[in-house]
Amino acid sequence: MRSLVILLTCAIAALTSVALNATNKALPTTLQPVSAFATIKDPKARSVALFTEAGKVIQHPRCLNCHPATERPTQTDAMRPHEPLVVRGDGGIGAAGLRCITCHHNANFDPAGVPGNPKWALAPPEMAWQGKSLGDICRQIKDPARNGGRSMAELVHHMAEDELVGWGWHPGGKRTPAPGTQAEFGALIKAWADSGANCPA
Amino acid sequence: MAYQIKVNGTDHSVDADEDTPLLWVLRDWLHLTGTKFGCGIARCGACTVHMDGQPLRSCTLPISAVGTSEITTIEAVEGPEAKAVQDAWVAHDVPQCGYCQSGQVMSAVALLREVPKPNDRDIDLAMNGNICRCATYVRIRAAIHAASEKLGG
Ligand code: FES
Ligand code: FES
């Protein structure tokens, strides 16, 4: 009986690590530069291709974790529900009595494994990305009613310069960074906007 | 290096490494052992204190980040909400082993200061970062409602 339990435990551990490795392997680590898309002659197709490349960032767990479909964020590359159970609350800063800042401070604190940033917060419900196709996310990002009232220029600035967005490339600890760099991502978004901001289907 | 921090209304000079968690400082330097170590990774709530009145997991904040903020621990939390929570905790016989309870009380007081009349969901959302291995959750929720009523919330 005891050996069966040990065997089962080992099997579960092995399966878990296989699953985790599979998740990690599937995650992109780099972004192609804007110049790589210059050969696409059709402007609409080029625009769609640029956004699809930027989608490697947008649909990376590092970014999706704080753009949840429900009021509860997710964690890790496996995007499991955040522990403890926390919710967006008013303004994306958590419920009364258990705000994000109860645990998340101005900087990462590695001894406790807790990430931090001065702007730590969840994206609002209208900016939920989890469970959506890249095309739907694209249309949502362009829609001022669902992107925080941002113009295309403000959107490009947000993606390319925002500090909390930028944290995704420097998450520290054992967290997997978003692919490429924020500058590369910002350049892709700008080139997408300049080429007509067309969306994948 | 020496850090000046204010805890329970008193200024302290603490000579500690910059990444020393506030929890360590409270317990090992200042001997305020009412605040408990449960997990050290922001998962249990046993280390909850108040920083400028807001609940804080003291295992997640390095001493170097405390600055001029005022820290309050279970030894000194006071005011009408604290009194109501303490009385309700006794009346409802909330603690079992007690290990998690200083954290529970600090979270409950912070909740009532912000939401004087919390419903069950408010209580659950504020308190579910405070784990109780004795599972006193039902009594905690009842005691928070009782404290709220006593406060006229
Ligand atoms: S010891 Fe800080 S949350 Fe558990
Ligand atoms: S009373 Fe024992 S852990 Fe909560």
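Q: What makes Arg72(A) and Glu83(A) a salt bridge?
A: In this predicted model, the closest N and O atoms of Arg72(A) and Glu83(A) are 3.4 Å apart. A salt bridge requires a side-chain nitrogen of Lys or Arg within 4 Å of a carboxyl oxygen of Asp or Glu, so the pair qualifies. Local features need pLDDT of at least 70, side-chain atom pairs count only at pLDDT 80 or more, and totals for chains, interfaces and linings use all residues. Side-chain values use heavy atoms, without hydrogens and water, residues are numbered from 1 along each chain as its sequence is written, and chains are lettered from A and ligands numbered from 1 in the order in which they are written.

Q: Why is Arg72(A) called partly exposed?
A: Its relative accessibility is 21%. Buried means under 20% relative accessible area, exposed over 50%, and partly exposed in between (1.4 Å probe, protein chains only); Arg72(A) therefore counts as partly exposed.

Q: Why is Glu81(B) called buried?
A: Glu81(B) has a relative accessible area of 17% and is therefore buried. Its side chain meets that of Arg113(B) in a salt bridge (3.7 Å, N to O), whereas Arg113(B), at 36%, counts as partly exposed.

Q: What makes the contact of Arg141(B) and Asp124(B) a salt bridge?
A: The N to O distance is 2.9 Å, so the pair meets the salt-bridge definition. Arg141(B) is partly exposed, with a relative accessible area of 31%, and Asp124(B) is partly exposed at 35%.
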